[in-house]
Amino acid sequence: MDVFRLRQSLVDEYKAYIDSFIRIRDEQISSFVTDSLERGVLWPEPLIQLNPSFERGDSVDELVASGVLHPACSDIFRAGKSTDDIGRELLLYRHQSEAIRTARDGHNYVLTTGTGSGKSLSYIVPIVDH
């Protein structure tokens, strides 16, 4: 699948849809809207980013075993958990492990890291542990 060709196809279809109902009588406004649409203001260029690989840290079970977290955290924080499955050990990234340890030691912390790297879990685990 060529994602760029797919994107262009979607943009072309959307542009045709938009063009089908825009009827502006004022020449200046019509020209402005047409120019804006031609410049692609409604469909900017695709954004391509690299997703970094974050360094692995402790698992929740390891933090429980080492006394950092309450034993109930092993039951609460599981990967793939459902009503029919207890799930499996939840592996954390290093920055998550360090944040959890910092919170457990009673220190404040600020965690800045990339999208999808588990910032929320880094403060939810200490709250539940408390």
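Let's start at Phe54, which is buried, at a relative accessible area of 19% (buried is under 20%, exposed over 50%, partly exposed in between, with a 1.4 Å probe and protein chains only). Quick caveat: this is a predicted model, where local features need pLDDT of at least 70, side-chain atom pairs count only at pLDDT 80 or more, and totals for chains, interfaces and linings use all residues. Residues are numbered from 1 along each chain as its sequence is written, and side-chain values use heavy atoms, with hydrogens and water left out.

Now the rings. Rings of Phe, Tyr and Trp (its six-membered ring) pair if their centres lie within 6.5 Å; planes under 30 degrees apart are stacked, over 60 edge-to-face, the rest tilted. That rule gives 4 aromatic pairs. In one of them, Tyr14 and Trp43 sit 5.8 Å apart between ring centres with planes at 85°, so that's edge-to-face. Tyr14 is in helix H1 (residues 3-21) and Trp43 in the loop between helix H2 (27-39) and strand E1 (56-59), so the pair ties together parts 29 residues apart in sequence. Helices (H or I, at least four residues) and strands (E, at least two) are DSSP runs, numbered from the N terminus.

Buried or partly exposed, these two? Trp43 is buried at 12% relative accessible area, while Tyr14 is partly exposed at 39%. Back to Phe54: with Tyr93 it makes a tilted pair, 5.4 Å centre to centre and 55° between planes. And Tyr14, Tyr17, Phe21 and Trp43 form one aromatic cluster.
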